[in-house]
Amino acid sequence: MTTIGTPINRVDAWAKVSGTARYAAEHPVEGLVHAVLVTSTIPAGRVLRIDDGAAREVPGVLLVMTPQNAPRLPQETKDGKIQPPIGRRLTLLQEDEVYYNNQPIAVVVADTYERAREAGARLKIEYEGRPAVLDFEQAKQSTYPPEKVLTEEPDTQRGDVDTGMQAAGTRLDATYTTPIENHNPLETHATIAQWDGDRLTLHDSTQYMKGVQRIVSSIFGIPPDNVTAICPYVGGGFGSKGSVWSHVVLAAMAAKQVGRPVKLSLDRNQMFGPVGQRPVTDQRMQLGAMDDGRLMASRHDTVAYTSVLENWIEPCGLMTRMMYESPNQATTHRLARMNLGTPTFMRAPGEASGSFALESAMDELAAELHMDPLDLRLKNYTERDPGKELPWSSKSLRQCYEIGAERFGWRDRDPQPRSMRRDGKLVGWGMATATYPTNRSPAECSATLHPDGSALFRSGTQDLGTGTYTVMTQVAADALGMPVERVRFELGNSQMPEAPVSGGSTTVASVAPAVQAAGHALRLKLIGIAAADGASPLFGATPDRVGVDGGPDGAELYLLDDTSRRERMADIVARHGAPVEVTAKAEPGDEKQKYSMHAFGAVFVEVEVDEDLGEIRVPRVVGAYGVGKLMNEKTGYSQLMGGIVWGISLALFEETLIDGRAGRAVNGNLAEYHVPTNADVRDIDVQIVDEDDPHVNPLGAKGIGEIGITGVGAAIANAVFHATGKRVRDLPITLDKVL
């Protein structure tokens, strides 16, 4: 019996459509009061004075917490800079310095949300302003390298780029830019904080409950076991909820002050600054190739902004290091400080923005060589990771190119720009390569079989809406040999067994092996109990002689050489007298020292451009991916389609506009921060290449949460060039840039 890979419906679907699924701000807590975050209106300086007289006149106000009266945190942890990048440099009202506009500078608590909001609006705040760096061009005048780019060095070099460029017959030197982009999940960040003595419970919308537990406990100087983070459902995170931000700790500080549970939900505008964003990037790409398309040299130099609080780098050059065969290559990463909120993970950090530069440059090079863009990529296809000098654990990119091109009809493309039209519109076809690293972290899971034959699995992970509940249920059922209807998987509590952050497309690759290990361990324990029980038909059996099947009356264990000797698992547990429980751990070994691990894909895009109005539409996208073993065909396809939609948004819509005088996002709302709607997304055709990878993890599963966005921005830009003859190197591609 196996359900892994089958497109079963989400096991949490009914809870979501019926409204019984509770998100962070929806948990009923007795005696709950409401907090509102008050943020700065200047980008640099200090708070001189906060007059709260008018605010305290609002009925029901319980607390106005400012830098003047906020409780002092332990000196060694007061700035919250613990375990970066999960633990960030926070602003917790321990000082009066202002580092960016929209920075938390006060918290108001009242018996209702409306009263707290009114009181917050009545605060009179006096500042001492200072000069702020708000222009990226100015910031770029003084750059410096980060210590690390994720786990890699900021700069790399192989061969001699200058010599390679001189040998090349065709050269490209172009700069590509991406703007600040902000996360806008339907559920904004929210926290309910409740103290019971020195024990703290946090209902928090997070991608990492264990991180919340550890970092908040460190900030308050209390044992980690004294903090419980609860998050059964997340209404979207996309990276922004992977770190612990100031509002989480401020809610706990306020709850301690008023002696009651406090709910603090960010409003939509407060999603712009205090909880991170994708930073603006400036990426210079240099490529040199021979007349047959062979790359002789490549260089990728990235400059990205970071805050004045701490360093954060968008790792744009990592894809360039491993994607194509290039004997001479250099990559660099540099930071430029600005008075803006600290950047953070945003779906496919580095690969989304970096693939726009690399894959646009490859398209430009193909045009210079009068070569098909797909043929150029195949010409430089590499069978090993040239950056790490390691073989791939698996790579199905050739098949992705073939399947995607066939499904799209790529070979019918007229290469001449402005040569294709339909219904009075210019039509363009573009393509790009997609990739994302395969990551894995240690994880644990418990498994319990009850006398009624039902099984319960638990792990302290999160479901961001990606299908974690469902996939883990399938893995658990398969490991035990039981139908999914008899298995329940629980997550969302930091007191459950260890699990990593749900970021970097790691959850399935990390937690699923632990679930599988727990299921196998539970089966072995049941076999051991039965083998030692003289009343069992399996008495004296060894594990290698025992099989399992679903059975008409529940899962059964049976002897392989005498199938008449069998017993229901439930009967073994019932005779045992108590539920049978195990906990198992799964962790990576030295695989990454032996193999380079990536998922790969190919994206083909068609655009229609109105020649008079500059309006750009995307009628169809074909994406073909090699992602190892797909755990659930339905949720997997949904993930990849969602990533493609994000890629359309990256290419055509998203851009946070900063007031150059005050440093505040002027479009910090969903009315003016544009994202695609149903009318903007038409036909998306996702294809999965059958791929076996025995090295990435015991299930052979590669993460799919982020690869879908990679390459899409470049493919659209390349299609726009093919349609119009205009090369847009600055995202987003808006009508004014093609007219």
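This is a predicted model: local features need pLDDT of at least 70, side-chain atom pairs count only at pLDDT 80 or more; totals for chains, interfaces and linings use all residues.
Some ground rules come first. Numbering starts from 1 along each chain as its sequence is written.

**Two helices crossing**

Let's begin with α16 (residues 633-652) and α17 (residues 712-724), which pack at an angle of about 55° with their axes 8 Å apart. That makes α16 oblique to α17. Here, angles under 35 degrees count as roughly parallel, over 145 as roughly antiparallel, 65 to 115 as roughly perpendicular and the rest as oblique. Axes are lines fitted to C-alpha atoms, for helices over the stretch in contact, with angles running from 0 to 180 degrees between N-to-C directions. Helices (H or I, at least four residues) and strands (E, at least two) are DSSP runs, numbered from the N terminus.

Which residues of α16 and α17 meet? On the α16 side they are Ile644, Gly647, Ile648, Leu650, Ala651 and Leu652, and on the α17 side Val712, Gly713 and Ile716, where contact means heavy atoms within 4.5 Å. The residues of this contact split into 7 nonpolar, 2 polar and no charged.

**Rings**

The structure holds 12 aromatic pairs. Rings of Phe, Tyr and Trp (its six-membered ring) pair if their centres lie within 6.5 Å; planes under 30 degrees apart count as stacked, over 60 as edge-to-face and the rest as tilted. Two of the pairs are set out here.

| Pair | Centre to centre | Angle of planes | Class |
|---|---|---|---|
| Phe272 and Tyr673 | 5.6 Å | 75° | edge-to-face |
| Phe408 and Trp429 | 4.9 Å | 75° | edge-to-face |

The Phe272 and Tyr673 pair links distant parts of the chain, 401 residues apart. Phe272 sits in the loop between β13 (262-265) and β14 (281-289), and Tyr673 in the loop between α16 and β30 (683-688). Phe272 is buried at 6% relative accessible area, and Tyr673 is buried at 0%; buried means under 20%, exposed over 50% and partly exposed in between (1.4 Å probe, protein chains only).

Phe408, in helix α11 (residues 397-408), and Trp429, in strand β20 (residues 425-437), are 21 residues apart. Phe408 is buried at 3% and Trp429 is buried at 8%. Ring pairs also link Phe408, Trp410, Trp429 and Phe604 into a cluster.

**Single residues**

Is Asn632 buried or exposed? At 1% relative accessibility, Asn632 counts as buried, and its place is the loop between β29 (616-626) and α16. Leaving aside residues up to four places away in sequence, Asn632 touches Gly5, Thr6, Pro7, Ile8, Thr470, Val471 and Gln474.

Now for some backbone details. The peptide bond from Leu731 to Pro732 is cis, with omega near -5°, and Pro732 is in the loop between α17 and α18 (735-738).

Leu150 is not a glycine, yet has a positive phi of about 55°. Leu150 belongs to the loop between β7 (143-144) and β8 (156-158) and is exposed at 57% relative accessibility. Glu389, also not a glycine, has a positive phi of about 55°. Look for Glu389 in the loop between β17 (384-385) and β18 (390-391), where Glu389 is exposed at 61% relative accessible area.

Technical notes
Side-chain values use heavy atoms; hydrogens and water are left out. Ala, Val, Leu, Ile, Met, Phe, Trp, Tyr, Cys and Pro count as nonpolar, Asp, Glu, Lys and Arg as charged, and the others, Gly among them, as polar.
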